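Please read it beside the sequence and the coordinates.

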Amino acid sequence: MRNIGIIGLVAFLSLVTACSNGQTNSDSKKKNKIETVAHVIPEFDIQFPVTEFKVEKTESRDPNLENILITNWILQGAKQNKPFMYFIAHNAFPNKLKVLEKTDPNLLNESFKAMLAGSATKLGGTDFEFKQITYKNYIGMESICKVFNGDGIIKSRVYKIDNDLFMISAGGQQIDIESVDKFLNSFGLKK
């Protein structure tokens, strides 16, 4: 029974972290009456590619997940009718995962895999490859998978940085891996 709860939490967290539901901060405040102490997003740098499309920021709160604020930045569009996406998401590390991490530290890696797979599966991801990574002294995981029936890829990274989770993803149909890696490698905390 406990494993079912863990799997459910991980699956839910992966859905929340992976994509915004499109609500603006003001929309979510109208729907959610519970407010929590504001969690400050650590200052970070990331270099989105320069395109004719704009980076959109969304924020939402989920009362089922401790009313945590989920912030997303996404650049999406298409070149020669080939869609692409560059994405970063942030939220505080949920207390429920803190408890699981203390109980069994390996569950954090399983949570990372679920987050990465959950976000890409919604986009048709298959043939996943995972590897553990670090950013400075912070733990994380990277995945790559096929999308568009093998005609494209999505490469993603998730990091636990102190009390924060960051997920960075890039990919598309017939996208070059160099631009994906350039975006992913541009992520860094400001000092």
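How do the residues of the lining of the second largest pocket divide into nonpolar, polar and charged? They divide into 7 nonpolar, 6 polar and 4 charged, where Ala, Val, Leu, Ile, Met, Phe, Trp, Tyr, Cys and Pro count as nonpolar, Asp, Glu, Lys and Arg as charged, and the others, Gly among them, as polar.

The model is predicted, with local features requiring pLDDT of at least 70 and side-chain atom pairs pLDDT 80 or more, while totals for chains, interfaces and linings use all residues. Residues are numbered from 1 along each chain as its sequence is written, and side-chain values use heavy atoms, with hydrogens and water left out.

**The pocket**

The volume of the second largest pocket is about 290 Å³. A pocket here is an open set of points on a 1 Å grid over the protein atoms alone, where a 1.4 Å probe fits, with protein on both sides within 12 Å along at least five of seven lines. Grid points are joined across faces, edges and corners, and the volume is the space filled by probe spheres set on the points. The lining consists of 17 residues, and K79, Y86, I175, D176 and S179 lie nearest the centre of the pocket; a lining residue has an atom within 4 Å of a point. Two or more lining residues come from each of β4 (82–92) and α5 (177–185). The largest share, 4 residues, is that of β4.

**Overall layout**

The protein chain contains 5 helices and 9 strands. Helices (H or I, at least four residues) and strands (E, at least two) are DSSP runs, numbered from the N terminus. In that direction the elements run α-α-β-β-β-β-α-α-β-β-β-β-α-β. Of the 191 residues in the protein chain, 47% are buried. Buried means under 20% relative accessible area, exposed over 50%, and partly exposed in between, with a 1.4 Å probe and protein chains only.

Helix α4 covers residues 106–121, which is 16 residues, and spans 23 Å from its first C-alpha to its last, close to the 22 Å expected at 1.5 Å a residue. The expected span is 1.5 Å times one less than the number of residues. Buried residues in α4 include L107, L108, F112, M115 and L116.

**The sheet**

An open sheet is formed by 7 strands in the order β2-β3-β4-β8-β7-β6-β5, with antiparallel pairing. Two strands pair if DSSP finds at least two bridges between them. The edge strands, each pairing on one side only, are β2 (56–62) and β5 (126–135). Neighbouring strands are turned by 15° against each other on average, direction ignored; the axes are lines fitted to C-alpha atoms, and angles run from 0 to 180 degrees between N-to-C directions. Although β2 is an edge strand, 5 of its 7 residues are buried, so β2 is largely enclosed by the rest of the structure.

| Strands | Bridges | Opposite residues |
|---|---|---|
| β2 and β3 | 7 bridges | E56 and I74 |
| β3 and β4 | 9 bridges | T71 and H90 |

**Turns and loops**

Several connections contain a residue with positive phi. The hairpin of β2 and β3 has 5 residues between the strands, and E66 in the turn has a phi of about 60°. Between β5 and β6 there are 2 residues, and in this hairpin K136 takes a positive phi near 55°. The hairpin of β6 and β7 has 4 residues between its strands, with F148 in the turn at a positive phi of about 55°.

In the loop between β3 and β4 lies Q80, which is not a glycine but has a positive phi of about 45°. Q80 counts as exposed because its relative accessibility is 72%. D162, in the loop between β7 (152–161) and β8 (164–173), is likewise not a glycine and has a positive phi of about 55°. At 53% relative accessibility, D162 also counts as exposed.

The loop between β1 (44–45) and β2 holds V50, which is exposed, with a relative accessible area of 84%. The C-alpha atoms of V50 and L75 are separated by 9.7 Å, and the two residues are 25 residues apart along the chain.
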